[in-house]
Amino acid sequence: MFTLVRSRVRTAALVFSTLAALAFGTTLTTGAAAAPAPAPAPAKAGPTSVAYVEVNNNSMLNVGKYSLANGGGNVFDVAVIFAANINYDTGTKAAYLHFNENVQRVLDNAATEIRPLQQKGIKVVLSVLGNHQGAGFANFPSQQAASAFAKQLSDAVTEYGLDGIDFDDEYAEYGNNGTGQPNDSSFVHLVTALRANMPDKIISLYNIGPAASRLSYGGVDVTSKFDYAWNPYYGSWQVPGINLPKSKLSPAAVEIGRTSQSTAADLARRTVSEGYGVYLTYNLNGADRSADVSAFTRELYGSDAVYTP
């Protein structure tokens, strides 16, 4: 019934990966300082609002330009850098973390692209997405391989002072380059290792793909290791199929500027009335979207949104 409406630009040039940095003995130097403690934000009662930003086209700073007319609190609580990739090295037959030049630019300029949001009290999370190469979260062939990739993720979080990792199991094209099909142990090993590496950071699940339905293996269930899970179908209501408390789920998903204001308002109203704790938005751009944003903030927080360029 619903159509996934994300459009993504893939760029093959200027590859960066944690694996490559390690292989050549280089160190990652930018963004190495820990994120500063956030300034106290004005209190805001209501669901957690999440904004995915397509950094191929838009600035992360857009997330910090919206506040509530009543009280001045941030509209958005979590900003998601969209997106890094899980790529596949056909020589070593291993997955590795890849940043295209736009993601790399954001990370290299963490002082001006990420820290201003964190100083407002907004968490900044890195989304990781398949890249048509056969590598995905659901087909690591061993616990060791899953743990190695988990370390690349947590190392990136540490290196760039980020607040967590978001898993989006799309576009892996399992089987390409001789890779395996999804198995039941892979994602469980990956999430277990990542949570052990970063016990106090965010791990979120874009509830789609083979990984999203493989959360238990060998008596280990990783459901409780997630901070959030959300509906991946914009303009719709769909409760994620993961046994988390309502406070950690977003059945509502909207694409700003594409989902109608009336639908965004209806989904926000339902979020509150049914007691869910998260509201997901996608594709916040650099235009003044205060009318689109106010459509849901009025229902979530009882206030219009104010845009400050």
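Here are some numbered notes on the structure above, going from the whole chain down to single residues.

1. **What you're looking at.** This is a predicted model, with local features needing pLDDT of at least 70, side-chain atom pairs counting only at pLDDT 80 or more, and totals for chains, interfaces and linings using all residues. Residues are numbered from 1 along each chain as its sequence is written, and side-chain values use heavy atoms, with hydrogens and water left out.

2. **The overall picture.** The protein has nine helices and 16 strands; these are DSSP runs numbered from the N terminus, with helices (H or I) of at least four residues and strands (E) of at least two. Of its 309 residues, 54% count as buried. Here, buried means under 20% relative accessible area, exposed means over 50%, and partly exposed is in between (1.4 Å probe, protein chains only).

3. **Contacts along the chain.** Take the contacts between residues at least 6 apart in sequence: 78% of them join residues at least 24 apart. A contact means heavy atoms within 4.5 Å.

4. β2 covers residues 48–54, and seven of its seven residues are buried. Thr48, Val50, Tyr52 and Glu54 sit on one side, with Ser49, Ala51 and Val53 on the other. β2 runs parallel to β15, joined by five bridges, and also pairs in the parallel sense with β4 over five bridges. (Two strands pair if DSSP finds at least two bridges between them.) Look for alanine 51, whose bridge partner in β15 is threonine 281, and for glutamate 54, which stands opposite phenylalanine 82 in β4.

5. **Threonine 281.** This residue belongs to strand β15 (residues 278–282), and it is buried, with a relative accessible area of 0%. Its side chain reaches the backbone oxygen of valine 50 at 2.8 Å. That is a polar contact: a pair of N or O atoms within 3.5 Å, where within protein one must be able to donate a hydrogen and the other to accept it, and residues adjacent in sequence count only if both atoms are side-chain atoms. Not counting residues up to four places away in sequence, threonine 281 touches several others, including Tyr52, Phe76 and Ile256.

6. **Asparagine 87.** Over in strand β4 you'll find asparagine 87, buried with a relative accessible area of 3%. Its side chain makes a polar contact with the side chain of asparagine 131 at 3.0 Å. Leaving aside neighbours within four places in sequence, asparagine 87 is in contact with residues including Tyr96, His98 and Gln133.

7. **Aromatic rings.** Rings of Phe, Tyr and Trp (its six-membered ring) pair if their centres lie within 6.5 Å; planes under 30 degrees apart count as stacked, over 60 as edge-to-face, and the rest as tilted. By this rule there are 17 aromatic pairs. In one of them, tyrosine 66 and phenylalanine 76 have ring centres 6.2 Å apart and planes at 85°, so the pair is edge-to-face. Tyrosine 66 lies in strand β3 and phenylalanine 76 in the loop between β3 and β4, so the pair ties together parts that are 10 residues apart in sequence. Tyrosine 66 and phenylalanine 76 are both buried. Elsewhere, ring pairs link Tyr52, Phe82, Tyr206, Tyr228, Trp230, Tyr234 and Tyr282 into a cluster.
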